[in-house]
Amino acid sequence: MFWKKKIARSAMILVYILMIWSISNACERTIKLNIEETFVEVIFLANEGVLISTHKKKVLIDALFDNPNPNYAAPPEDMLERMVAGRAPFDDVDLVLVTHNHPDHFGASFAARFMESNPNAVIMAADDATSALKENVKEWERVQNRVFSFDLKPGATAERTVKGIAVRIFRTLHSGDLESPHNLMYLIKMSGRTVFHEGDSDGKLATFKDLGLEKEEIDLALVHFWFPLHPEGERIILDVLKPDNVGLIHLPKRLMSDAPSKIDMVKSNYKDLFLFLKTGEKKTIR
Ligand SMILES: [Zn+2]
């Protein structure tokens, strides 16, 4: 009888070992999946144009323009054609966000081509930009259901959720306190991560404070290159947005050689601060 007890005990030990092994394996798989699920990848296109991806979603911001003010770069021709054709990395773009109707952020005729040839893409923009888009689209009925248009007063906000991407929209005056074109800042939540894009705001601390952005937990903020070099811009980043990562954008061509060393001098004030310079530069946030 003794050997029977021994076998039974050994079998139970084996069952326990197998249980522990399978539980730890499952944990490891979950951890791996969570890491993969929560990454955000940013590909810099030009000026303030970026493609933001998670493992499930793709958002293009200020990417659809081909004829900017000559002080700023545009995405190169082959990249623009890849966007229109929906070729990688621009395949299955879920959402297009336009901050405002200026030619270094938005080109209505190019945006019309993009929306016509990418039938699943949804676009959000202010009324002045969507009216320009409408004038350039050949068959508006094929596009209009995918256009979210906003007419907000400065200081007003709106919220929309599209394809599982939650977007908060903040209207501000344009840089230089211009009423027109309407500038929209965006806060995007997707796959558990939060990204902020400033567009061409007035860059004032009071404007940012009034919008209630302090409460947000921002993983990545995309703001003007000069913010960390200016006392008010610095306060916007450190006191209001408080992001884990800061990507600097909207650098004019004439400052491309000088700016990197200036940014290097203030980098240590931030958790992670980087300047986007070249088309195609990638940054992955985990
Ligand atoms: Zn502008």
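In helix 3, the buried residues are Ala-108, Phe-110, Ala-111, Ala-112, Arg-113, Phe-114 and Met-115; a residue is buried if 20 or more other C-beta atoms lie within 10 Å of its own, exposed if 12 or fewer, and partly exposed in between, with C-beta atoms placed from the backbone. Since seven of the 10 residues of helix 3 are buried, this helix is largely enclosed by the rest of the structure. The model is a predicted one, in which local features need pLDDT of at least 70 and side-chain atom pairs count only at pLDDT 80 or more, while totals for chains, interfaces and linings use all residues. Residues are numbered from 1 along each chain as its sequence is written.

The protein chain contains seven helices and 14 strands; these are DSSP runs numbered from the N terminus, helices being H or I of at least four residues and strands E of at least two. Of its 286 residues, 39% count as buried. Among the contacts in the protein chain with a separation of 6 or more, 67% are accounted for by residues 24 or more positions apart; two residues are in contact if their C-beta atoms, placed from the backbone, lie within 7 Å.

The buried residues of helix 3 pack against helix 2 (77–85), strand 5 and helix 4. Helix 2 and helix 3 pack at an angle of about 35°, and their axes are 8 Å apart; axes are lines fitted to C-alpha atoms, for helices over the stretch in contact, and angles run from 0 to 180 degrees between N-to-C directions. On the side of helix 2 the contact involves Leu-80, Met-83 and Val-84, which meet Phe-110, Arg-113, Phe-114 and Ser-117 in helix 3. The residues of this contact divide into five nonpolar, one polar and one charged, where Ala, Val, Leu, Ile, Met, Phe, Trp, Tyr, Cys and Pro count as nonpolar, Asp, Glu, Lys and Arg as charged, and the others, Gly among them, as polar.

Helix 4 (residues 127–136) has Ala-129, Thr-130 and Leu-133 buried. Viewed down the axis of helix 4, its buried residues fall within an arc of 95°, so they line one face of the helix; the arc is that of the directions from the helix axis to the C-beta atoms. The cover over these residues includes helix 3 (108–117), strand 5 (122–126) and strand 6 (147–150).

An open sheet of seven strands has the order 6-5-4-3-2-1-14, with mixed pairing; two strands pair if DSSP finds at least two bridges between them. Its edge strands are strand 6 and strand 14 (282–285), each pairing on one side only. Neighbouring strands are turned by 15° against each other on average, direction ignored. Strand 4 (residues 95–97) pairs with strand 5 in the parallel sense over three bridges, and Leu-95 stands opposite Val-122. Strand 5 and strand 6 also run parallel, joined by four bridges, with Ile-123 opposite Val-147.

A further open sheet of seven strands has the order 7-8-9-10-11-12-13, again with mixed pairing. Strand 7 (157–162) and strand 13 (273–275) stand at the edges with a single partner strand each, so one side of each is left without a neighbour in the sheet. The twist averages 20° from one strand to the next. Strand 10 (residues 193–197) and strand 11 (residues 220–224) pair in the parallel sense over three bridges, and Val-195 stands opposite Leu-220. Helix 6 (residues 231–241) packs on the sheet, touching strand 10, strand 11 and strand 12 (245–249).
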